[in-house]
Amino acid sequence: MLLLLTAAGVAYGAQPAKPGITLGISPASQSITRGTAATYTVAITSTGGFTGKVNLTATGVPSGTTAAFSPSSVTLTSGSSGTSTLTISTTSSTPIASSTITIKGVSGSVTGAVSAGLTVNAPLSSALSMSATPASVTMAPGSTAVFTVQLTRTNLPGSVNFAVLGGLPSGAKATFTPNPTTGNSSSLQITTPATASDGSFTLYLVSSGKDPGGTTRYAYASVGLVIAKSGSPFTISGNLPGVLAPGLSSTLDLTLANPNKKPLSVTNLTVTVKTVTRTAYAVSHNQPCTTADYAVTQYSGSYPLTVPGNGSASLSSLGVSTSARPKVSMLNTAVNQDGCKGATLTLAYSGSGQGS
């Protein structure tokens, strides 16, 4: 007897895409002076066969600011695109800050949205100006980028405060040292989490201080930050050559080891004091010593630093002068620092580089 078995199946047809819209905006962020306007181009695109009139709105604009679209609505046919110009106009009462503006397109139950950044700055003053170097740093996730901020003062002798107004990657931390300062420079460290995604960012920096008349003066600068996971791996090593005491510094002649076959161009190099281990005597006598008792002067030489393939090179062998190498200093503070006598420092190094 022949037994014939048959299989029953169910056929699934592809479901048609629901009608919808997508929004895009250019540029993604802007930095303007208070009292001026920022202009964005909003692109609206039909998806899934959508046709109809799309009305545009903007939320999240700072107080003392108006938002206007031209045109305020766009009519789309199936698969078509349209554009509108969004103008954000600030006034003398607009706060000095960064905002995220959300642009929505609505047509009945169909919606789309996109966000853009806006940084509003106070008018510039000849009393204070600021610059930052390098112009851009490429770094791996979980590492630290360092920028040097320089001030130029004119009849502004007091302390100056620093802040990053906008542009930081998600989860990143910005620290100025010192902040505030009565001098003319500060170091900005940007630390990113290990989970940071690749991307290019523009950081907007602001400094502020009061002139002798009590009027707050502002200065601005911007720097680029590129996060890239695809950089070439290398190692950084080095140790303090001697024991530190209050007011003394020690220069690091770091060694860069390149395991790659091709030469490596290092474009970022950072040193931080990670931990301080006190002596048993200091611990038993409750004599404190922390990372706050130390300061790092970062590498100030030129980039890139070229390391040969399958080789290593110290900063001195690369021709970096002693004055340009990173230094670790023990601060001379007003409090008792006996707990730092004989303490062991653990240094952390980070950097980024690309193979040729």
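What share of the contacts in the chain with a separation of 6 or more comes from residues 24 or more positions apart? In this predicted model, such residues account for 70% of those contacts. The secondary structure behind this pattern comprises 1 helix and 26 strands.

The overall dimensions come next. The radius of gyration of the chain is 28 Å, whereas a compact globule of 356 residues would have a value near 21 Å.

Of the 356 residues, 38% are buried. As for charge, there are 16 positive side chains and 5 negative ones, and a distance of 14 Å separates the centres of these two sets.

The structure holds 2 aromatic pairs. One of them is formed by phenylalanine 162 and phenylalanine 176, whose rings are stacked, with 5.2 Å from centre to centre and 15° between the planes. This pair links distant parts of the chain, 14 residues apart: phenylalanine 162 belongs to strand 13 (residues 161-166), and phenylalanine 176 belongs to strand 14 (residues 173-177). Are these two partners buried or exposed? Phenylalanine 162 has a relative accessible area of 6% and is therefore buried, because the cut-off for burial is under 20%. Phenylalanine 176, with a relative accessible area of 10%, is likewise buried.

Methods. Residues numbered from 1 in each chain as written. Predicted model: local features only at pLDDT ≥ 70, side-chain atom pairs only at ≥ 80, totals over all residues. Heavy atoms only, no water. Helix = DSSP H or I, 4+ residues; strand = E, 2+ residues; numbered from the N terminus. Rg over C-alpha atoms; globule rule 2.2 N^0.38 Å. Buried < 20%, exposed > 50% of the residue type's maximum accessible area, 1.4 Å probe, protein only. Contact = heavy atoms within 4.5 Å. Lys, Arg positive; Asp, Glu negative; His and termini not counted. Charge placed at Lys NZ, Arg CZ, Asp CG, Glu CD. Phe/Tyr/Trp six-rings, centres within 6.5 Å; stacked < 30°, edge-to-face > 60°.
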